[in-house]
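Please find below a colleague's note on the structure.

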Amino acid sequence: MNDKISIIVPVYRVEDYLPACIESIQRQTYRNLEILLVDDGSPDHCGAICDAYAGQDSRIRVIHKPNGGLSDARNAGISAATGRYIGFVDSDDWIGEEMVESLYRALQDHGGEIAVCAFVSVDEKGEVREIFQDSGAEGMIGKRQAQEKYFEDYQKASLYTVAWNKLYARSLFASERYPTGKIHEDEFLTFRLLYQAKGIVYVPKAEYFYRCRDTSIMGEFRRERFQLFDAYIEKMQFFRKMDEQELWTRTLKLYMHMFQQYFQWQKESGADEMGELIRVYREKLRCQYRDRKTKLPVGVQGEYYLFSRLPALYFFLWKMKHRGQKNGTGGK
C-alpha cells in the first residue's frame with residue numbers, strides 16, 4: 001500500500017528554523033506526502049519562506065490565516081488534510097528521514113490507528129539533551145495500557161502526551177479538534193485519541209528532534225499554565241464517563257502531585273498574585289472528588305484529606321517524599 005500521508009506544520013515566528021524543518025520533511029523516504037504549512041499570521045518572513053518552498057515542491061500546500069495560536073493552526077491543517085493518515089511537526093523541530101515510513105510500516109504491520117516513536121530533545125543549536133524512549137521492542141499496546149503510560153515516569157508520559165511524534169488515522173479526528181487558546185493543548189486531546197484508537201503501535205527508534213528554545217513560553221510561570229489542571233479535570237470527567245475508575249483515581253493523584261509542584265513553583269517565583277488561582281484549582285478538584293462514582297481506597301482518601309484540609313502538612317510530607325526519592329531512599 002502507498003497511502004497519502006498529510007504532515008501538518010503550524011508556522012509562527014520561526015524563520016531561523018523553518019527551512020531545516022521543511023527540508024527534513026521533503027527528504028522523507030516515504031514520498032506520498034501532502035505537506036501542509038499553516039502560516040498562522042506570522043509577522044516575520046515565514047509566510048514568504050513557505051510560499052517559496054511550495055513553488056519548488058508540488059506536495060507542499062500553504063495555508064495563510066490570521067493568528068489564532070498553535071491549536072487553531074493545527075485544526076486548520078486537520079480540516080484541509082486529505083491523507084489517510086496525519087502527522088504533526090512543530091516548525092522549529094525536524095524529523096529523521098525514515099520517520100514517516102517507520103511509523104506507516106508499523107501501522108500496516110500491526111494494524112493500529114496510532115503509531116508513536118521515540119524522540120530526542122535538543123538545545124537551540126541542535127545538540128542532544130535527552131532521549132525519550134519507552135522500554136521494549138516495536139509492538140502493539142492497548143488503549144488502556146497507553147493511558148497508563150501517562151502515570152509512569154515523565155519520559156513515558158511525554159512520549160504518549162505530545163502530538164508530534166505520532167502518525168494518526170485521519171478518521172480519529174472526525175469529531176475531535178485541539179482546544180483553541182490553550183497552552184497545554186496536547187493534554188486536552190491526546191488521551192482521547194489514544195482511548196478511541198483500535199490499536200497503538202510503539203516504534204523504539206528516535207526519529208523526532210524536539211528543539212527546546214530559551215524563548216519558549218513553557219519556561220515561564222504564567223496564569224495560563226494552570227490550564228494543565230483544566231485538562232486533568234476533563235480527563236477525570238472522561239474516565240468517569242467511561243467507567244475507568246482506576247484511571248480516574250490515578251488522574252486525581254496526578255492532579256495533587258502536579259498541584260504541589262505548581263504551588264512550590266509559585267512560591268519560588270514570588271508570584272503572590274497567583275494565590276487566588278491556587279485556591280480556585282484546589283476547589284475545582286474538590287468538586288471532582290465529590291462527584292466521583294465509587295469509594296476510593298483508604299490510602300487515596302487519606303492523601304486527598306490532607307491535600308484539601310491540611311495543605312501545609314500535605315506539602316511538607318510531599319517534600320519529604322520527593323527529597324527521599326532524589327536521595328534514593330523514597331518509594332514510588
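1. Contact here means heavy atoms within 4.5 Å. The model is predicted: local features need pLDDT of at least 70 and side-chain atom pairs count only at pLDDT 80 or more, while totals for chains, interfaces and linings use all residues. Residues are numbered from 1 along each chain as its sequence is written, and side-chain values use heavy atoms, with hydrogens and water left out.

2. Helices are DSSP runs of H or I with at least four residues, and strands are runs of E with at least two.

3. Beyond its neighbours within four places in sequence, Leu252 is in contact with Met236, Leu285, Tyr289, Leu296, Val300 and Tyr304.

4. Lys166 belongs to strand β9 (residues 166–169). Lys166 is buried but has no salt bridge, and the nearest side chain of opposite charge, Asp186, is 7.3 Å away. Buried means under 20% relative accessible area with a 1.4 Å probe, protein chains only; a salt bridge needs a side-chain nitrogen of Lys or Arg within 4 Å of a carboxyl oxygen of Asp or Glu.

5. A polar atom of the Lys166 side chain lies 2.4 Å from the backbone oxygen of Val162. Leaving aside neighbours within four places in sequence, the contacts of Lys166 include Phe88, Met99 and Thr190.

Methods. Buried means under 20% relative accessible area, exposed over 50%, partly exposed in between (1.4 Å probe, protein chains only). Lys and Arg count as positive and Asp and Glu as negative; His and the chain ends are not counted. A polar contact is a pair of N or O atoms within 3.5 Å; within protein, one must be able to donate a hydrogen and the other to accept it, and residues adjacent in sequence count only if both atoms are side-chain atoms.
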